[in-house]
Amino acid sequence: MQVYKIEINFENRVEWGIKMYVSVAVMDTGIFRHMDFDTRIAGFADFVGRKKYLYDDNGHGTHVAGIIAGSGKGSNGKYRGIAPDAFLVSVKVLDKSGNGKIENVVEAADWIIENKTAMNIRVVNISFGTRAKVENGPAIEAEEDDYALIIAVEKMWNSGIVVVAAAGNDGPGNASVTVPGISKKIITVGAFDDKNFFSGRGPTRECIVKPEVVVTGSNIIACNNHQGRYSSKSGTSMAAPIVSGAVARLIKNNPDITPKEVKMWMKSCCKKINVPLEKQGWGVLDIRKFVTG
């Protein structure tokens with residue numbers, strides 16, 4: 001029996017038969033009703049505590065959500081998210097310590113697919129990961145549960161949702177991208193700061209270059225789980241939502257675009273820098289060019 005609850009707060013935003021909003025599902029530790037989210041928390045599902053109200057007992061999920069869609073209201077516009085008019089669907093799959101069970105993530109992925117039309121979920125952000133089994137370098141075999149996680153995220157992708165995942169912070173050694181970031185379908189995001197790469201890098205066990213794209217991920221200020229307050233965090237967990245927010249803006253301007261088309265356009269909007277290919281993938285994302293495409 002499902003004991004979690006969906007909270008739907010958005011109004012019917014349909015004009016001439018066209019949906020005018022884009023929702024980003026954030027699979028994380030939950031969400032706090034921060035003033036920067038206004039009335040744009042479109043839904044909440046708790047796969048950890050199965051509670052029937054919004055909460056974030058860690059703060060990580062609220063921070064990620066703020067990077068994506070914070071309005072900046074509590075900071076007079078100083079700390080705005082990448083897509084400040086996007087809606088958010090919080091999907092709690094991590095506990096207060098930031099840990100989670102893969103079976104809960106798989107269940108949550110199915111829930112997202114079931115509700116994607118009702119909430120217009122076009123993007124999923126995953127700012128967590130687990131290491132694949134490695135032997136003498138490249139990841140040659142994922143554990144059975146890791147395969148289930150990869151299948152779940154690719155199922156969301158195949159349903160028409162753009163899935164963005166963090167590369168993990170286990171770099172810069174080879175084959176250090178976390179699962180599900182090793183999936184060849186989804187968009188995996190690495191982080192850098194002044195060419196200091198601390199994020200996971202490829203190649204994957206299938207010799208796929210990962211991450212596809214890198215953006216800044218150090219000292220990112222966004223909402224925390226206290227009203228009107230903000231905090232600074234670093235890592236690929238912060239880099240991924242920057243890209244998720246950019247994707248939400250692109251989709252709002254191009255509502256018929258497919259996940260594959262998003263990925264191909266993103267590739268054309270990246271700039272190479274002077275580091276090895278396995279550290280940067282396509283390069284640094286030019287967000288301004290990408291969102292106006």
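User: Which residue of β6 does Val 26 stand opposite?
Analyst: This is a predicted model, in which local features need pLDDT of at least 70 and side-chain atom pairs count only at pLDDT 80 or more, while totals for chains, interfaces and linings use all residues. Residues are numbered from 1 along each chain as its sequence is written, and side-chain values use heavy atoms, with hydrogens and water left out. Strand β3 (residues 23-28) pairs with strand β6 (residues 121-126) in the parallel sense over five bridges; strands (E, at least two residues) and helices (H or I, at least four) are DSSP runs numbered from the N terminus, and two strands pair if DSSP finds at least two bridges between them. In β6, the residue opposite Val 26 is Asn 125.

User: Which residue of β5 is the bridge partner of Val 24?
Analyst: Strand β5 (residues 87-92) also pairs with β3 in the parallel sense, over six bridges. Within β5, the partner of Val 24 is Leu 88.

User: Where is Lys 92, the salt-bridge partner of Asp 57?
Analyst: A salt bridge is a side-chain nitrogen of Lys or Arg within 4 Å of a carboxyl oxygen of Asp or Glu. The side chains of Asp 57 and Lys 92 form one at 2.8 Å, N to O. Asp 57 is partly exposed at 35% relative accessible area, whereas Lys 92 is buried at 1%. Asp 57 lies in the loop between β4 and α1, so the pair ties together parts 35 residues apart in sequence, with Lys 92 in strand β5.

User: Which residue is linked with Asp 38 and Lys 73 in a network of salt bridges?
Analyst: Lys 73 forms a salt bridge with Asp 38, with closest N and O atoms 3.0 Å apart. Lys 73 is in the loop between α1 and β5, and Asp 38 in the loop between β3 and β4. The network of these two residues also includes Arg 40.

User: What is the relative accessible area of Ala 175?
Analyst: Ala 175 lies in the loop between β9 and β10 and has a positive phi of about 55° although it is not a glycine. Ala 175 is buried, and its relative accessible area is 5%.

User: What is the mean pLDDT of the protein chain?
Analyst: pLDDT is the predictor's confidence in each residue, from 0 to 100. It stays under 50 over residues 10-18, and 84% of the residues in the chain reach 70 or more. Where pLDDT is low, the predicted coordinates should not be read in detail. For the protein chain, the mean is 87.

Technical notes
Buried < 20%, exposed > 50% of the residue type's maximum accessible area, 1.4 Å probe, protein only. Contact = heavy atoms within 4.5 Å.
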